[in-house]
Amino acid sequence: MTADAGHFSRSWLVICLLLGVVVASANVVIDPYLVFKMPRVNGFNDKKPSIETKERLIKAYEVIRAAPNGLILGTSRVALGLDAEHPSWPAKARPVYNLGLAGADLFTSYRYLQHVLAHRIVTTVVLGLDFEYFLIKKRDLSAPLEFESYLSVDRDGRPDPSRRWYHLRDLAEASFSLEALGDSIATVRASRRREALDVTPAGNMSEAGFRQETTELGPAPLFEQRNLHNMRTYRGRTFARSSPGEADAPALVALRAIVDLCRARGIQLELFAQPMHADLLETLDLLGAWASYESWKRELVEIGRGQARGDGPGVRVWDFGGYDQFSTEPLPEISDGRTPLRWFWEPSHYSKALGDIILTRIFGGADRGYGVVLTPDTIEARLADVRERRRTYRERHPEDARRLRSLYESVSR
Amino acid sequence: MLFNSYQFIFLFLPVVVLGYFALGRLGRLPAVVWLVLASIGFYAFSRVDSLAIILPSIVLDYLIAWGLERLDESRARMRAGLLGVGLAANIAFLGYFKYRDFFLDTTNLIFGSHFAFGSLILPLGISFITFQKIAYLMDVYSGQVKAGGFLDFLLFTLFFPRVVAGPIVHYQEVMPQFDRSPVRWVPTDIAVAICLFSIGLFKKVVIADRVGDFANPVFAAPLTGEPVTLLAGWIGALAYTFQIYFDFSGYSDMALGIARIFGVVLPMNFNSPLKATSIVEFWSRWHVTLTRFLTAYVYTPLVLNLTRRRMAQGKPVLRGRKTAMSAILVLIGVPTLITMTISGFWHGVGFQFIVWGILHGVMLTINQAWRTLRPRFWRHQKSHDLIMTPVGFLLTFGGVIVTFVFFRASSVSAAIAVLRGMAGLNGATIPYAIGSRLGGLGAWLERIGVTYDWSSGSQLIAAGAWLAVLFVIVMAMPNSLELLAPYRPALDFQTPATPAGEMTSSRNRLRLVDIVQSRLGPAFVAVLAVAGVLGLHQATGFLYWQF
C-alpha cells in the first residue's frame, strides 16, 4: 500500500501540473478578456461575451491596442448606441474607439480618458451625458476603485508604478482562474452562435443582450421593469447648482475635469445630453425632477462656455433629450408580441439606429430638426420647446401618462 | 493566513513541511520547535497583537496545569480551587474580549446607561482556543492527562492546522502522535493528506463561496426594508445551509489533511450531518468535537448534578419508558437548553445566536423525550423505523434550515423578516420571464395568488439548479471520510468497511472503489485540487473563523 500511496501522490502532482498547463494554455489561446492580444478566429473565439462582466478590464487593454484618434466616452448607452466605425466620423478622429462602459460615472470616464492620453494623442472626444448620474450626491473616492488598477496612470495623470504588478495579476487571472476557464468556454460557445453578446475591436457593444431580453420578455414588460427601477432609484433626488456650503455633485466635478483636460490637450469635445424615451422623461417629471433636469442643461451650457487654449477646438454641448419622433415611439401592449421598438430598447438605452442619427447630426451637420446645440442664446428657447412638446405629447397619449402615473403610485405606496 | 490562499498553499505549507522533515532527521525536538515556530508565525500572520493577547493566557493555563499535577489527591479542595481559578480565568478572558461590547451595549439598552466602549481586538480563534484549554485543564484535573513540557503545550494549543476553528481535541488523543522519533515521511499519510486537502479546498472555493452568492441578497434585504417573498426566502435559507455546510466541512477536511502531513490524525468533526434522521443524530455528525466537548463538560455534569439532587429529594429520575414527565423536563429539558444556549452564545455575539441555540435545545429536548417515551405507545420497532426514518429526516432537515436563518441573519428581527417571507406572509412571486411561459400552470399559479415580479428568470433557474445538485451531493454521495475509510482519515470515524479496499457507504449502499488505489483516483483528486486553486483569486474567509 505504501508503494501505491507514493504512486498516488506522484501521479496526482503530475496531473495537477498538466491540468494547470492545459487550462492556462486554453485560456491564453481563447483569450476571453482580450488581454493576450490573440487573434479572434471566426467561429472559434471571435465573440467575447465576457464583455458583460469584464468590460472595464477588456476595454482598458483594447483601447490601447486600437490606438485611436477619437474616443466615445459615457455609459452603456453609448457603448451600445454609438458606432465607432460610423461613416460620419471626421478623418482626423479615425480610428475611433468606443470607451462607453456600463454604469460608468463621469469620474470613471475621466480616469479612462487619462489612461488613453498617457499613450495617445487624441483629437476628438464624444461624451454622452446621463442626467441621472448628476442626481448622485456622494461618491466615495477615498480608496482606489477596483477598475483603477487596470489603468496606466494615477489620478494626477502620472505613470502608476504598481501597474506593472497589476498587469501581471491581470495576465495570471486571465490565464489561471476558474472564472477565466468558465469565460473561455462561454467564449467558444458564443462564437459558434450567429449572434451573441460581444464587443467589436472598435469597442462597440453588440445589441444581442437587449435583443435577447426583448424577445424573451417583450418590449412592454422590459419598459415596465426599467420604469419601476428608475422610479425606485431616483425618487427624492434633485439636481441643484451648488448653493453656498454644498459641494458640487461629483458628476459635475468630474465633468469639469474632463472639459479642462480636453481643453488643455486641444481635443475637440462634443458633449451631448442623451436621448431618453418619453417614458423616462415622464418618470422624471413624476419624481419631481423636471426643474432639476432643466437646470442641469443650463449648467451644461455654463460648462461649455469658455475658450480653448489658443485657437484650438472648443466644446460643444448638444441636447438630444426631449419629446420627438424617436422618443415618443409608442409601446405595444404587454401581451402583444416581442418585436423590439425601432429606436429604444428600454427607456434609457437607445438603438444603434438612433445612435447613427445622433452621430450624423453631430458630425455630418444634417439637420433633421433633431438635436440642438445648447448655447446661452439657445438654451431657454430649447427648454420652452421641450415643455411645449411635452404638453402636446400628453394630449395625444393620455393612456401612456395614465400608465406611468399608476405605476408611480404603486411604487409610492 | 487562510488555508485557501496562494501564500498558504504555495509558500507557507511547503516551507513548513520541508523544514519539518529536514529537521526531523536531527530528532524530534528540532522538528517540534520548528512546528511551534511555524504555528506561532501562522497565528501572528493575520494580526500580531492577537498573539500578544493569547500568549499570556496560554502561559497562565500551563502554570495552572502544572500546579494541578503537583497537588496530590489529599489536597482535593486546593485542586478544585485551582481548577476553578483556571476555568474562571478562561471564561473571563473569552468574556472580556468577545462579549464585553455586547454586554455593555445590552446594559445601555436596558437601563439607558451610557457605558462607553472602544473597539477591542478579537484574537483569532479565541472561542476555539479557550475551549481547547478548558478541556486540557479538566483532563489534567481528572488525571486523564499527564501534562507535558511547555513546548508540547504550545504545540497543543497553537498547532496551525486547527488553531483557528478546531477540531477541539483532547491532549491525550493528539500529542502522543508527535512522539515518533525520528520524524518520518509516510507516503500513505501524504496521499491521505492530499485527498483531504483537495476535497476540502474544492468544497470551500468552488461550492461554498459560489452558493453563498444566492443567500447574500436575501439576508441583505431586511436591512433595506425590502420584503422577502416565499421563493426568495427558501432559496436564501437553503443556499446558506449549503454554504455553511460546505464551508465548514471543507475547512474540517483541510484541517485534517494538513495535520495528516505531519502524521497526526485529528478527530472527526463532520460526517454528512444533513443525512441525519433526527436532531440528536445531526449533532453527532455536525461539529462533532464541539458536541463532544459540551456533552462532557457542560451537559453530563449538569445531568449528574440534577439527578443527585432529585434522588436526594426523593423525586423521580430517568427510568426509560416509565420516566415521569417532570423528570424529562428537569433532567433532559433543563440541561439541554442550558447547554445549547451556551453553544449558541459561544458561536456568535448577538441575540440571534442565543435564539438559534435555544431552538436547537428545544428540538433536542423533544427528540430525547420522544426517544424515552415512544416505547410506551409505539412498541413495534420495525413499523416505527419504517415511518419515522423519512419523517425524522424531513423534520430534521427542515428544522436545521429554519434555525440557520437565525445563525446567518444580522439580528433577530432580520431573521424574523426572512422567516416571515418563508412562511409566505409577504406573498409569493415568480419572475415574469418564467411565469409568462408556464401556460396553464402559470394561470393556475395566478389563481392561487402567485404574482409576477421583474427579477431575473435565469438567476432563479441557476439557483434552483445549484441547490438541486448540492442536495444530491449532500444526500447521495459518500463523504470525504467514507472515501478514505481504509486509511483511518479521522479519529472516532467508523464505517462498516468491507475487506480489501472496497467499502459500503453507511447509508446509500454505494459501492466504492478505494480512492487511493483506484486508477482514476489521482486524476479525480487532481481535478478537485486544480479547480480549487483556480478559484483562489476570489478567496473569502471561512465562516467558522469569525467565532
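Reply: The model is predicted, so local features need pLDDT of at least 70, side-chain atom pairs count only at pLDDT 80 or more, and totals for chains, interfaces and linings use all residues. Residues are numbered from 1 along each chain as its sequence is written, while chains are lettered from A and ligands numbered from 1 in the order in which they are written.

Me: What makes chain B as compact as a globular protein of its length?

Reply: The globule rule is 2.2 Å times the number of residues to the power 0.38, and the radius of gyration is taken over C-alpha atoms. For 547 residues the rule gives 24 Å, and chain B has 25 Å, which is close, so the chain is as compact as a globular protein of that length. Its C-alpha trace spans about 80 × 65 × 60 Å along the principal axes. Chain B holds 20 helices and 4 strands; these are DSSP runs numbered from the N terminus, helices being H or I with at least four residues and strands E with at least two.

Me: How do you know that the radius of gyration of chain A agrees with a compact globule?

Reply: A compact globule of 413 residues would have a value near 22 Å, and chain A has 24 Å, which agrees. The secondary structure of chain A comes to 14 helices and 6 strands.

Me: Why is α4(A) called roughly parallel to α9(A)?

Reply: The axes of α4 (residues 106-117) and α9 (residues 250-264) of chain A come within 8 Å and cross at roughly 25°. Angles under 35 degrees count as roughly parallel, over 145 as roughly antiparallel, 65 to 115 as roughly perpendicular and the rest as oblique. That makes α4(A) roughly parallel to α9(A). Axes are lines fitted to C-alpha atoms, for helices over the stretch in contact, and angles run from 0 to 180 degrees between N-to-C directions. The residues of this contact divide into 11 nonpolar, 1 polar and no charged.

Me: What makes α7(A) roughly perpendicular to α8(A)?

Reply: Helix α7 (residues 208-217) and helix α8 (residues 219-234) of chain A pack at about 110°, with axes 7 Å apart. The angle makes α7(A) roughly perpendicular to α8(A). In the contact, A:E213, A:T214 and A:L217 meet A:P219, A:P221 and A:L222; two residues are in contact if their C-beta atoms, placed from the backbone, lie within 7 Å.

Me: How many residues does each chain give to the contact between them?

Reply: The contact takes 23 residues from chain B and 24 residues from chain A. On the side of chain B, α20(B) gives the largest share, 10 residues.

Notes. Nonpolar A, V, L, I, M, F, W, Y, C, P; charged D, E, K, R; others polar.
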